Amino acid sequence: GDFPEGSTMAKLNSAQKITIGTKFDQPLFGLAGPDGKPEGFDVEIGKLIADKLGIPADKINWVETVSQNREPFIQNGQVDIVVATYTINDKRKEVIDFAGPYYIAGQSFLVPKGNPAGITSTDTIGDNTICTVTGSTSEKNIKEFTDKVITVDKYSDCLEPIRTGGAQALTTDNVILAGLVDQNGDEFEVVDYTFTEEPYGIGLKKGDDDFRNFINDTLEASFKDGSWAKAWENTAGKVLPTPAPPTVDRYTN
C-alpha cells in the first residue's frame, strides 16, 4: 500500500499483521468458532479494515476483548483496534478515540415467532408483561413505558417465562436479542424497531487522527460499494433486517 511514512497504516502494512480485539461470546457479531477464530459482523468489519491495509484475513491476530478491558487494551497497545459492539460515548473518548459509527444498535423486543402479542413498539405494549435483566439500562428504559416488568439475572433467563406465558417479550439491545434468536432455532424473532440509540464505533489509540481518518474513509467506502451490506447479510442479517448505513462522525477533539 501507499501509506504516509511513519503512519500507523504504513507500520501495520509493512508488518503484514494487525491485532484486533473483538467479542468471542456475541453470536452474529463476534463469536469464537470451533477453530477458536471468531466470526460475525464485527469480525467482517475488522477484515474490511485489514484488507484496506493490504493485510490478508489470515494475518489478523484476533484477541478477545470484554467490556471491562477494551480501553486498557487499546491504551497499552495490546490491540491495534477494537471492533466489539463498542458503544461510542464521551467517557470512553477521554482515553481512546473512535472511528465510525459503523452500526447503530438500539433497544428492541424479542417475541415468539409470529409476534402473537403484537408488540411492535413501546406504544403497543398494552397489558403485556416485559422481561429484562435486574439493574440494567434496559430495565430503566422500559420502565418509562410500562410498569408490567419482571426482571431476571441474565437475558437468556427471560426465554422460559416467554415460553410459559409469564412474559410476552424480552427487551434489551437488538444485537443481544439477535444472538438469542440465532441460538434458539426457529422459536423467536426480533421486532424491527428500536427505541434507543447505541452507536457502535471502532476503538483506537487516542490522538492517532491519521489512522482514525483512514478507518472512517474505509467505512464510508464500504457503505458505498456494497461490502458493508454484504458483511451484514452474511452475519447479523440472518436475524436482523439490513439497516441503512449510519453517518460517520468525524469529530475533532
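Biologist: Let us begin with T87. Where does T87 lie?

Modeller: Please note that this is a predicted model. In the model, T87 touches R92, F98, E198, P199 and Y200, leaving aside residues up to four places away in sequence. Its position in the chain is the loop between β6 (81–82) and α4 (90–93).

Biologist: Does T87 count as buried or exposed?

Modeller: A residue is called buried when its relative accessible area is under 20%. The value for T87 is 13% relative accessibility, so T87 counts as buried.

Biologist: Which strands stand at the edges of the open sheet?

Modeller: The sheet is formed by five strands in the order β10-β9-β11-β8-β12, with mixed pairing. Two of these strands have a single partner strand each, so one side of each is left without a neighbour in the sheet. The edge strands are β10 (149–152) and β12 (188–190).

Biologist: Within that sheet, what is the bridge partner of Q107 in β11?

Modeller: Strand β8 (residues 107–112) and strand β11 (residues 169–173) run antiparallel and are joined by four bridges. For Q107, the bridge partner in β11 is D173.

Biologist: T172 also interests me. Is T172 buried or exposed, and what does it touch?

Modeller: T172 lies in strand β11, and helix α7 (residues 174–182) lies across β8, β11 and β12. At 1% relative accessibility, T172 counts as buried. Not counting residues up to four places away in sequence, T172 touches G106, Q107, S108, S138, Y155 and L177.

Biologist: How far apart in space are T172 and V133?

Modeller: In sequence, T172 and V133 are 39 residues apart. From C-alpha to C-alpha, their separation in space is 8.3 Å.

Biologist: How are α1 and α8 oriented to each other?

Modeller: Helix α1 (residues 8–15) packs with helix α8 (residues 209–225), their axes 8 Å apart. In this contact, T8, M9 and L12 in α1 meet D210, F211 and F214 in α8. By class, the contact has four nonpolar, one polar and one charged residues. The angle is about 75 degrees, and the two helices are therefore roughly perpendicular.

Biologist: Finally, which residues touch the most other members of the largest nonpolar core?

Modeller: In soluble globular proteins, nonpolar side chains tend to be buried together. The largest nonpolar core here has 54 residues. Among the contacts of Y103 beyond four places in sequence are F29, F41, W232 and L240. The residues that touch the most other core members are F41, I81, Y102, Y103 and I202.

Key. Residues are numbered from 1 along each chain as its sequence is written. This is a predicted model: local features need pLDDT of at least 70, side-chain atom pairs count only at pLDDT 80 or more; totals for chains, interfaces and linings use all residues. Side-chain values use heavy atoms; hydrogens and water are left out. Two strands pair if DSSP finds at least two bridges between them. Contact means heavy atoms within 4.5 Å. Axes are lines fitted to C-alpha atoms, for helices over the stretch in contact, and angles run from 0 to 180 degrees between N-to-C directions. Buried means under 20% relative accessible area, exposed over 50%, partly exposed in between (1.4 Å probe, protein chains only). A nonpolar core is a set of buried Ala, Val, Leu, Ile, Met, Phe, Trp, Tyr and Cys residues joined through side-chain atoms within 4.5 Å. Angles under 35 degrees count as roughly parallel, over 145 as roughly antiparallel, 65 to 115 as roughly perpendicular and the rest as oblique. Ala, Val, Leu, Ile, Met, Phe, Trp, Tyr, Cys and Pro count as nonpolar, Asp, Glu, Lys and Arg as charged, and the others, Gly among them, as polar.
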